[in-house]
Amino acid sequence: MKGLLSILLMSAVITVPNKALSTPILPSLLLSQPNREEHLDQKIQVAFPEFAVVYLKSGNMTTGNFIDLNNRSLIISFKGYTTGIPLNEIKSIEFKDQVLIPADETVICQRSNNQCRPVPFNQDQDQEPTILENIPITNLSLFQGAKTALLTVSNTSQNEGRENINYLSNENINIINSLEIDESGELITLTLIPTKRK
């Protein structure tokens, strides 16, 4: 008797008129529209100043002219010698001296490029810095032999400067003030100074 009652109740639930209960409800449909996060990536142009002060996890410090940065090491030169420092040995990097500012977002800044103007740079710039945290180092793509890079920023990243990401448009060049590297050597925190191109 109980089995028959269960079957009748189940059939009553399943045969509700005008309802397609066999269609699965996707989790995305359960989210209300205003609360849905859109995963939109934005590419912004960033510039590296000429000189790097490198703080190592060992407590030591080294300096040199900035040459390159990739997902394995920082390349600097000092008095004619070029050296690579593995990222997992670096705690942070501060940049200073002059920086090459490109005229527009299509220009790649190299020393020989007359469309780039040299600008003195120090850490006391007038503009309020923007801090972007937990950015994969692979999101930073340098142009070979250049002081300009593209940074891919997701608007869903947990960034302190998240509300300022729209301000980091390519109408400005975003100068890298400092760069911190996490323990793994794979995630970075960037402090950027947005600066007018002209």
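This is a predicted model: local features need pLDDT of at least 70, side-chain atom pairs count only at pLDDT 80 or more; totals for chains, interfaces and linings use all residues.
Colleague: What makes Cys109 and Cys116 a disulfide?

Modeller: A disulfide is a pair of cysteine sulfur atoms within 2.5 Å, and the sulfur atoms of Cys109 and Cys116 are 2.2 Å apart, so the pair qualifies. A search of the whole structure finds one disulfide. The torsion about the S-S bond of Cys109 and Cys116 is about -105°, and the disulfide is therefore left-handed.

Colleague: Why is Cys116 called buried?

Modeller: Buried means under 20% relative accessible area, exposed over 50% and partly exposed in between, with a 1.4 Å probe and protein chains only. Cys116 has a relative accessibility of 9%, so this residue counts as buried, and Cys109, with a relative accessible area of 0%, is buried as well.

Colleague: Why is the pair of Phe48 and Phe66 called stacked?

Modeller: Rings of Phe, Tyr and Trp (its six-membered ring) pair if their centres lie within 6.5 Å, and planes under 30 degrees apart count as stacked, over 60 as edge-to-face and the rest as tilted. A search of the whole structure finds three aromatic pairs. In the pair of Phe48 and Phe66, the ring centres are 4.4 Å apart and the planes stand at 10°, so the pair is stacked. Phe48 lies in the loop between β1 (41-47) and β2 (51-56), and Phe66 in strand β3 (residues 61-69), so the pair ties together parts that are 18 residues apart in sequence; strands (E, at least two residues) are DSSP runs, numbered from the N terminus.

Colleague: What makes the pair of Phe66 and Phe95 edge-to-face?

Modeller: The ring centres of Phe66 and Phe95 are 5.8 Å apart and their planes are at 85°, so the pair is edge-to-face. Ring pairs link Phe48, Phe66 and Phe95 into a cluster.

Colleague: Which residues have the most contacts inside the largest nonpolar core?

Modeller: A nonpolar core is a set of buried Ala, Val, Leu, Ile, Met, Phe, Trp, Tyr and Cys residues joined through side-chain atoms within 4.5 Å. The largest one has 29 residues, and those with the most contacts inside it include Phe48, Val54 and Leu69.

Technical notes
Residues are numbered from 1 along each chain as its sequence is written. Side-chain values use heavy atoms; hydrogens and water are left out. Helices (H or I, at least four residues) and strands (E, at least two) are DSSP runs, numbered from the N terminus.
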